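Hello,

Here is the structure I promised. My notes follow below it.

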Amino acid sequence: MKLEARKISFRYSEKEREIWKDFSLEIDSGERVGLSAPSGFGKTTLCKILAGYEKPESGVILLDGKPLSEYRGYCPVQMIWQHPEYAVNPRLRMEEVLRDGDQVEERVIRGLGIEDGWRKRFPAELSGGELQRFCIARALGRRTKFLLADEISTMLDLITQSQIWEFLIHETKERGIGLLCVSHSEGLLERVSTRRISLENKEQEAIPADM
Amino acid sequence: MKKRLCWNQRTKTLILLAVAVFYLAGVAVWGLVGRESALVTDFSRKNLTPSLSYLFGTDWLGRDMLARTVTGLSISIIIGVCAAAVSAVIAGLLGVAAATLGKKVDAVITWLIDLIMGIPHILLLILISFAAGKGLTGVILGVSLTHWTSLARVIRAEVLQLKESTYIRTAEKLGHSKWRIAKKHMLPHLIPQFLVGLVLLFPHAILHEASITFLGFGLSTEQPAIGVILSESMKYLVTGKWWLALFPGLMLVLTVMLFDLLGECLRKLTDPGSVHR
Amino acid sequence: MEEKILLEIRNFSISFTQYERGLRQKELTVIRDLNVRVRAGELVAVVGSSGSGKSLLAHGILGILPYNSRCEGEILYRGEPLTRRRLKKLRGREIVLVPQSVAYLDPLMKVGRQVRSSRKDAESKNRVKALFRQANLPENTEDKYPFELSGGMARRVLVSTARMGQPNLVIADEPTPGMHLDAAKQTMQAFREMADGGAGVLLITHDLELAVETADRIVVFYAGETLEEEPASAFMQEETLRHPYSKALWRAMPAHGFASAPGSQPYGADRPEGCIYGPRCPEYTCACGAEIPFVPAGEGWVRCLRCVEQGEGGEET
């Protein structure tokens, strides 16, 4: 399976500058692409476009050759946000958050180090690291084919970061899930990705990384 | 992690809530049951000042002012509940409609809200009540058609904000239907807002009912409504019969304040930020 | 250098009262027994992850905590207690905060004016220009409104604001998240320069790698407690670190093996008795269930029974 952005352009409103212009990107299943770019580059916007949260002004997002917008119901491309606090409903218990996912397996929940006691709690009673584990678990439902990780471990401590990534690398490998990892940490990208994309001056250059 | 023994904000709030509910329900029921005694005239006990047997005194027809006041208040409370409920339902429907049915519907509803808010409340109330033939229906219609605007605004804003929140957008991508998202993710946010809005509408409704009745555009003068009592008492005030207006007036203020307090309590209890207080 | 201690925080604790289920209230300790010293010309980095309570630390020092919180302990500035009144006088002049959130910028004012604090003379205008150039912000940034800036740019504007005056003490709350590595490094360099200019800088951050590169001393902060304080050079090797948590952090750095350790940082009510790292510590013994003191060890300080025991033998090497 292949997730493909074909010549996409995007801006938030007519008056604003184009954040992306004729940008193309391909991610294969089982591939882990590391993306880095200076701040203000629109990395989060790119993830939102790829996951179907925003519509590009021109160009298409293709999943398996078919436009992503034509997929109904569960979106096979799932995004994990930088700030888990905003990605969960503050009035729902964590077990409900997990239930929102697509039959998330117990193995995934355990693998992410989610403790049983946390499930009965409200988001305000958990730390950012704990919340992020739930968000990742929710995104790893049965039908997920691609995962977009937008700076998901930026605010976490290094140990939690490696816990989460260790699991994610294993899980995506096992299930053949394609992964886009957006981060500003060179070290992390080196560890995680099978292929690196580093964006400077809006021109794409691919640097093959050998793991 | 010491547990505090003294009463905290939440306990106090709950006790206040219980007192307010008890008082209001009590007045409403007592007023309905004791309606007959409020109408009894007895010229042998004309114009009595407040005493132990007649706590609020009697009027120029020898009617017991306590019974009249309570009956008047119970009518007010019932009208208030009806009007506030109708008003809140209108607000809920229009608020949600404005936020979900697209730009045109939103523009129309927002315009309507602005229009109604632009006209002085009491003027519109009198107009509607008068057009609907005064009396009970007139008052309820008048109050409910004029009071929904601010709550509708609140609900519209809340829904608009919720629609754009990350967790609801995420729920969409997780393939949940609109209906399920509304039920699971939006309702828990809207219900507290709605309840608080509803309760805070009561005092307005009661006050406005009393005031248009006082002005003669509301309930008919045979009814022992609080507005009627007050307007009649005004005539006797100059002759030194102060108790005729004072006690009913005080009771009205107390009722209104209790409802207001009730709303505030509810708001505090349902606010998730109140965890820290 | 020893004599000029600018800021000293002693046995500082912050707690909140919070509701549990229903009506019960409890007291939640978010920072416990914190000790930090900042000397003039020194850059001290407090490193902790989200949920460790480190943002509250900055707010606690500057006296801008929410009303349901309670502080204990002492904060000394130039050897004298930092009272509310004194703080009011110093805040914004001698002591400045570089806030965490970009929301601290006034959305209705052009950033150039905000940084100048409405001064209009040519000198301050030029200074703003120079500072912005130093921060690698584009030429016309001062005429922009905050919403026109990206998160990283806005952060650099905040840092420039702190450099406008001549502060003696800078407290920076998480100045680099979401920044590209180069931009983050530049920002850290700006703090380094402020420290080299004689100011004391207390940097609160989650980014251990960046902190090691620029700071003089590093305080490892975990679940509201300081576990270890060491010169930054100690973080070059695992062996020079004392606390098991610091070691685990070191091993988890992508450059040092990316090794994970089980468990997670306790939050709120989950706090264990005794050693806060106890449940995750491979070297946990029964003695660790008691209160653990923060004691000097070598060039640093540590809160770990085992390290102290070992330290009594051949410490000074």
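Start with one pair of side chains: B:Arg180 and A:Asp100 form a salt bridge, 3.8 Å from N to O. The term covers a side-chain nitrogen of Lys or Arg within 4 Å of a carboxyl oxygen of Asp or Glu.

Before the rest, the ground rules. This is a predicted model, where local features need pLDDT of at least 70 and side-chain atom pairs count only at pLDDT 80 or more, while totals for chains, interfaces and linings use all residues. Residues are numbered from 1 along each chain as its sequence is written, chains are lettered from A and ligands numbered from 1 in the order in which they are written, and side-chain values use heavy atoms, with hydrogens and water left out.

**Chains A and B**

Three salt bridges are counted between chain A and chain B. Residue pairs in polar contact number twelve, both partners at pLDDT 80 or more. (A polar contact is a pair of N or O atoms within 3.5 Å; within protein, one must be able to donate a hydrogen and the other to accept it, and residues adjacent in sequence count only if both atoms are side-chain atoms.) On the side of chain A that touches chain B, helix H3 gives the most, with three residues. (Helices are DSSP runs of H or I, at least four residues, numbered from the N terminus.)

In contact (heavy atoms within 4.5 Å) are 20 residues of chain A and 17 of chain B. The buried area is about 1,700 Å², 54% of it from carbon and sulfur atoms. A:Tyr53, A:Arg91 and A:Asp100 lose the most area in chain A, together 40% of what that side buries. (Buried area is the accessible area, 1.4 Å probe, that two parts lose on being put together, summed over both.)

**Chains C and A**

Here 37 residues from each of chain C and chain A take part. They bury about 2,900 Å², with 53% from carbon and sulfur atoms. Salt bridges: zero. Four residue pairs are in polar contact, both at pLDDT 80 or more. Helices H5 (151-164), H7 (208-214) and H8 (244-252) of chain C each supply at least two residues to the side that touches chain A. H8(C) gives the most, four.

**Cysteines**

There are zero disulfides over all chains (cysteine sulfur atoms within 2.5 Å). For A:Cys181, the nearest cysteine sulfur is that of A:Cys47, 9.4 Å away. A:Cys181 is buried, at 1% relative accessible area (buried means under 20%, 1.4 Å probe, protein chains only).

Best wishes

How values were computed
Buried < 20%, exposed > 50% of the residue type's maximum accessible area, 1.4 Å probe, protein only.
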